[in-house]
Structures are given as structure tokens and as C-alpha cells.
Amino acid sequence: MPKVLISDKMDPKAAQIFRERGVEVDEITGKTPEELMAIIGDYDGLAIRSSTKVTKAILDAAKNLKVVGRAGIGVDNVDIPAASAAGVVVMNTPFGNSITTAEHAIALMFALARQLPEADASTQAGKWEKNRFMGVELTAKTLGLIGAGNIGSIVADRAQGLKMKVIAFDPFLSPERAIEIGVEKVELDQLLARADFITLHTPLTDQTRNILSAENLAKTKKGVRIINCARGGLIDEAALKAALDSGHVAGAALDVFVQEPAKESPLFGTPNFISTPHLGASTSEAQVNVAIQVAEQMADFLVSGGVTNA
Ligand code: MLT
């Protein structure tokens, strides 16, 4: 019987599905890399979220490992070249948390438009600063999507419901798909010049790293508001801080940071800056979805060789 280790906290549905499908499963979370190396040799599969770092050293110790399953989208915590060299298949669940992440981006857009966190803190401090918190409407504003894949297209749908005009920069977006999802496909410079709100929905790659660099932030419309629920590293954080301080950028909301956990940042305490601790996928619905999907895919692979989302 194949044996899987679940090494990050995961909805119990995952273990249930493994067992139902004839896969033995252990749930052992919170191990140090050394502790994981000591036990990983026993397993055919490793199911993870974002805490476990599947390094070359872990893969070297994983003599029986055939598959790593990421309950989530990003596989940045897996050394893909080392896994490929070792013949280990790496799977993700690209759809299970898309709606949830898109909703978080929309929530942050509203929070920026109406300065909700600062208004809440001020009101609970007994200040009743009704004149301090003048907001902006979303209706008729232009939303610029950087990335119009699974999550970006859901953001576009929700934003259209809010009567926003949606434009998108995404080299992989075909003209037909742009029409289908109701967005105007534009080049990056056009998006920077036209968007009232910019939201990022792209993986971190060599092409997208610092896509909002100091140079590109300078090309944005004065008063732009920026949301990032995708990956830290897409925005140059020092340049964003400078653009917030100068008032060129009117607000920014980051769910993701270059260094995570982000226990400190020059951005913290900046007026009109909102942060959340990588909560994009954190809803009960999404965590059930990704747990079910990862367990189904991994069990299918280990029991009958089926490969999905690898
Ligand atoms: C993902 O890649 O699925 C999200 O960023 C969620 C996460 O890492 O927890």
C-alpha cells in the first residue's frame, strides 16, 4: 500500500480521501528540516501547503518519494529542478482557492477605497473623525489586472459587477479569451498609465519579478491604488514605500511580501498602507477544496499512475 506524509496543517478531508482510496497516511506537521529528512524515506508521497520547504536535501533523503502534492497554487516552496532530476512528480491544485483569492483582492480594493482599517482604528479609539476619511467610488473606475488567468479572470468578473472598466496586461491572454472575460487587453505601459486601481495575479518568475519597479511605478497614474495578493517580489517594496510617501500612489494593500513571514517592513505604519498575512487562500471553503483536490490527484497517481496538474 502506498504511503503519504501530510507535513503541513491540512483539512481532515485530505487524510480521509487518502484512506478511502487505499493510501496509508500519516499527518506529522511542524517538523524541522532535519526531522523531516529523518522520516521522509518511508513515504511515496508528500502532501504540503506552504510551510514545508521541499529542498534538494529533503529530496535526497526521500529515497521512495514519487510525488509531492501542493494543496494550493504556488510551488515556490518546492525545488522543482531537484524534484525533476530525482524523478519526483510535483502537482498543485490550480483551481481550489481561486475564488477565495479573488475575493480577498476585491476586499482589499474596497478597504483601500474607503480607508477601512484606519477608519476602524480611529472610531474604536473614540475619535469619530468623519471628515478625515473621504473615500473614492469604484464605479466607473479603471481596474488594471496584471495577470488574467484563473484568479485574475474571477477578479475581472467581480469588478465588472461593480461597474468598473477592466483592462489587462497578460502576454498569455489570447484576444478571444479577453473578449470572453470582458477585458481590454493592453500593454503594460498602457495599463500603468490608465489604471485607477492595479491588482496583480501572476506567479513570480524572472519576467515578473519587480514588475512594479520604481521605473514602472513612476509610469502609473497619480493617485493609483495597488493590490497584491499574488506573490511578494512582484513589487519593489522600497519603491512602493517612496511612492506612498510622495503621494504619487494613493494607497497600497499587500497580502504577500518579499520576506515571509513579514514580521517587519519599512511599509508598516505608512499612511494608506494595508497589510494582511498571506490570507489570500484562507477561507474554510478554499482549504477544503484544495485538500480534496490534492488528495484525489495524489491518490490517483500513486494507485493508478494518473497525472493531473503536474
Ligand atoms: C497559493 O499559492 O495557493 C496561495 O498563495 C496560498 C498559500 O500559499 O497559502
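Reader: How does the shell around the ligand split by class?
Author: The shell has two nonpolar, six polar and one charged residues. Ala, Val, Leu, Ile, Met, Phe, Trp, Tyr, Cys and Pro count as nonpolar, Asp, Glu, Lys and Arg as charged, and the others, Gly among them, as polar. This is a predicted model, where local features need pLDDT of at least 70, side-chain atom pairs count only at pLDDT 80 or more, and totals for chains, interfaces and linings use all residues. Residues are numbered from 1 along each chain as its sequence is written.

Reader: Which residues are around the ligand?
Author: They are R49, S50, G72, I73, G74, N97, H278, G280 and A281. A residue is near a molecule if its C-beta atom, placed from the backbone, lies within 6 Å of it.

Reader: Domains next. What does the assignment give?
Author: Domain 1 covers 3-96 + 284-304, and domain 2 covers 98-275. The bounds come from an automatic or database domain assignment. Taken over C-alpha atoms, the two centres are 32 Å apart.

Reader: How many residues are in contact across the two domains?
Author: Six residues of domain 1 are in contact with six residues of domain 2, contact being C-beta atoms, placed from the backbone, within 7 Å. On the domain 1 side, three are nonpolar, one is polar and two are charged.

Reader: And the open sheet, what is the strand order?
Author: β8-β7-β6-β9-β10-β11-β12, seven strands with parallel pairing. Strands are DSSP runs of E, at least two residues, and helices are runs of H or I, at least four, numbered from the N terminus. Two strands pair if DSSP finds at least two bridges between them.

Reader: Why is one side of β8 and of β12 left without a neighbour?
Author: β8 (184-185) and β12 (273-275) stand at the edges with a single partner strand each, so one side of each has no neighbour in the sheet.

Reader: How many bridges join β10 and β11?
Author: Five, linking residues 224-228 of β10 to residues 249-254 of β11 in the parallel sense. I226 has A252 as its bridge partner in β11.

Reader: What about G45, buried or exposed?
Author: G45 is buried, with 29 other C-beta atoms within 10 Å. Buried takes 20 or more such atoms within 10 Å, exposed 12 or fewer, and partly exposed lies in between, with C-beta atoms placed from the backbone. G45 lies in strand β3 (residues 45-48).

Reader: What does G45 contact?
Author: Leaving aside neighbours within four places in sequence, G45 contacts P2, V4, K66, V67, G69, M298 and L302. The C-alpha atoms of G45 and K66 are 5.9 Å apart.
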